[in-house]
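Biologist: I've got a model open here and would like to talk it through with you. Shall we go through it piece by piece?

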Amino acid sequence: MLHYIGIAGTNSAHSTNRQLIQFVARHYAQDATVELVELGDLPLFYKTADHSVPAAATALAAKIEVADGVIIATPEYDHSVPAVLSSALAWLSYHIHPFAGKPVLIMGASYGSLGTSRAQAQLRQILESPELDARIMPSAEFMVGHSLAAFDDNGDLKDLTLVAQLDALMTNFAIFADVNRQLTAKMTRTADWQDSNH
Amino acid sequence: MKFVGIAGSIADESYNRKLLTYIASEFSPLADIELLSIQDVPMFSQDDDQTQSAPIQYLAKKIAAADGVILATPEHNHTLAPAMKNVIEWLSFNVHPFENKPVLIVGASYYTQGSSRAQLSLRQVLESPGVGALVMPSDEFLLADVKTAFDDHGNLKDERTVKFLGSVMGKFAKWVTVLKAMNEKVPDEPWRQEDLSAGHPSDTTIDVPMDAKDWVEQGAAKTNAASGHDYVQLDRGLLTVDQLNWFLNTFPMEATYMDDNNQFVYYNHFLDHDDMLAPRYPWQVGNAAISCHPERARDHVKQVIWMLRSKQKDLFAMPVPGNKLNEKYIMHYYRAMRDGDDNYRGVNEWVLDIWPIVADYLRRTGQTLAPDPSAKPDAVSGASQSAKPAADASTGASESAAAPVADATSGASEAAAAPVVDATSGASDAGAAPVADATSGASEA
């Protein structure tokens, strides 16, 4: 059984991105466990003089380290990733590297019609930076527009075309995680030289 | 000239703050540049609105009062610093001090990039509609290898860098001056007072959150609203609510009721969102006007509502952009609704494609449209002007083609026969076409 960490890029109590992660967890429960983690305990990122990171970041890093992959659902604020998510990723790449070589699947939900397309593109760029060094599932995007009306009372996605798209993505993500395991075993970690630079 | 500068870092040591301090000192003859601290700004949360807190009010007021803003961003993971993004999220939530504010982006980094990618993402964020800043185009000030860039007094060591920074600052001052002149020319028109956020409840406003997805259901429960078999007395008639719905939902147009508080309170829901000419979702009912119109349309919406509310007009008609000549002509009509005392009570908006009606009319009357050579083409606001020549054309045509049409009402067989018989006596001008049409028109009647 595969084990993923699910991150909704929000600190809001009511978030359709958290709903999306919860749907993924429930809908694919037979194939994988998806553990939803929260970002609300992490302070706003700043460079600490002693290179330490908050305990909440260490705990989150430990969970990501042992997972087969990470699924991130990002909101979009001002055409970009919310500060709470970019801040969390900054902590999770500050002298610790839980994302290095880790398969990541990006998705997002928004109230409007675009489904966070711009935030997803930016998140991809962030995750590809050497300090994070994540393995983003290629050519994959999953955008839920008009998210306030996208889920039924049980929290299931109403649009069956979207669900079919997600089915394929999740199947391919499992294959991608498997191939990536073989690949990373043979590769030098980019972050190894990055650490010596700081 | 007064500028404020913000470094996107809350660490004790920041090279970007050092860069801004240098800029403030070096260019003090050009402008008074004040550095603002973002140290105490909490993490943005839409659940916990702290817009009124001192650290955010301080930033909002300082930025609003400044002629321009200089932002210095570090780069983390190929994007702008979370601390900088966090500040911008607060300042694009319930206050918008960056709107139309000239902004200059600079940045410093440890290595070769000089925050190049962070600057691009910051630019993208600042130009989003919720922020609305006027970021100075083209010039980029990227300070690389920042650890060795300053001398012991905090001055930039490299002369060429100083010279380039001077030209960037000079250009920014000019940019600020030009934009200021541009903004001052905009007079404060009365239509701007229209409140699209529906903040002026009227005597029909229901105390239910306007953004609630089930606004209708909540409001119905609260007002003990009539439904189903309940009768409603109308001017002039008596219908059940069901009958009223059947009636309204079979009008050949999409109708919307925006009340006097600019709240969207009704539409005749007979089509799904994707099939509508002016698409709406059932859960949007109850929204303030501002929530159902994109930013770019809002000024125009205000103008139209104001025109109706202030009685400059009772009806405003507008074709949508992208209509196709003699194929599709979608019109939006806005009609003021007034009560017995002539007070404005909202706008009745209806939307329909008028081409099928025109096409049907032409077919029934055996006419074709011809362009009026003397009419000025006016694709944008052309409703009234282009309608005129069309009307004239039909008047002209009726003189020759009227006979069969008039006959059609008085009797199918006679009408169809008459021109054929007449053809021998020379009514050739009317032509064969009206004959054929008169026949089919008559049979439908």
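This is a predicted model: local features need pLDDT of at least 70, side-chain atom pairs count only at pLDDT 80 or more; totals for chains, interfaces and linings use all residues.

Biologist: Okay, which residue in strand 4 of chain A stands opposite A:I71?

Modeller: The chain gets from strand 3 of chain A to strand 4 of chain A through helix 3 of chain A, in a right-handed β-α-β crossover. A:I71 also touches residues well away in sequence, among them A:Y4, A:I21, A:V34 and A:M107. Its opposite number in strand 4 of chain A is A:L105.

Biologist: And what is the bridge partner of A:I5 in strand 3 of chain A?

Modeller: Strand 1 (residues 2–8) of chain A pairs with strand 3 of chain A in the parallel sense, over five bridges. Within strand 3 of chain A, the partner of A:I5 is A:V70.

Biologist: How many of the residues of strand 3 of chain A are buried?

Modeller: In a regular strand, side chains alternate between the two faces of the sheet, so each face is worth checking. On one side sit A:G69, A:I71 and A:A73, on the other A:V70 and A:I72, and these are all buried. For strand 3 (residues 69–73) of chain A, the tally is five of five.

Biologist: Zooming out, what pattern does chain A follow along the sequence?

Modeller: Chain A has six helices and six strands. Of its 198 residues, 48% are buried, and among its contacts with a separation of 6 or more, 79% link residues 24 or more positions apart. Read along the sequence, the pattern is β-α-β-α-β-α-β-α-β-β-α-α.

Biologist: What share of chain B is buried?

Modeller: Chain B has twelve helices and 15 strands. Among its contacts with a separation of 6 or more, 63% are between residues 24 or more positions apart. Out of 445 residues in chain B, the buried share is 28%.

Biologist: Which element gives the most residues to the side of chain A that touches chain B?

Modeller: The interface puts 27 residues of chain A in contact with 27 residues of chain B. Two elements give two or more residues to the chain A side: helix 3 (83–91) and helix 4 (117–127) of chain A. That side divides into 14 nonpolar, ten polar and three charged residues. The largest share, six residues, comes from helix 3 of chain A.

Biologist: Which element gives the most to the largest nonpolar core?

Modeller: That core has 112 residues, and those with the most contacts inside it are A:I71, B:I70, B:V87 and B:V103. Apart from it lies another core, of 15 residues, including B:A198 and B:M258.

Key:
Residues are numbered from 1 along each chain as its sequence is written. Chains are lettered from A and ligands numbered from 1 in the order in which they are written. Two residues are in contact if their C-beta atoms, placed from the backbone, lie within 7 Å. Helices (H or I, at least four residues) and strands (E, at least two) are DSSP runs, numbered from the N terminus. Ala, Val, Leu, Ile, Met, Phe, Trp, Tyr, Cys and Pro count as nonpolar, Asp, Glu, Lys and Arg as charged, and the others, Gly among them, as polar. A residue is buried if 20 or more other C-beta atoms lie within 10 Å of its own, exposed if 12 or fewer, and partly exposed in between; C-beta atoms are placed from the backbone. A nonpolar core is a set of buried Ala, Val, Leu, Ile, Met, Phe, Trp, Tyr and Cys residues joined through C-beta atoms within 7 Å. Two strands pair if DSSP finds at least two bridges between them. A crossover is right-handed if, with the strands pointing away from the viewer, the path from the first strand over the helix to the second runs clockwise. Lists of a residue's contacts leave out its neighbours within four places in sequence.
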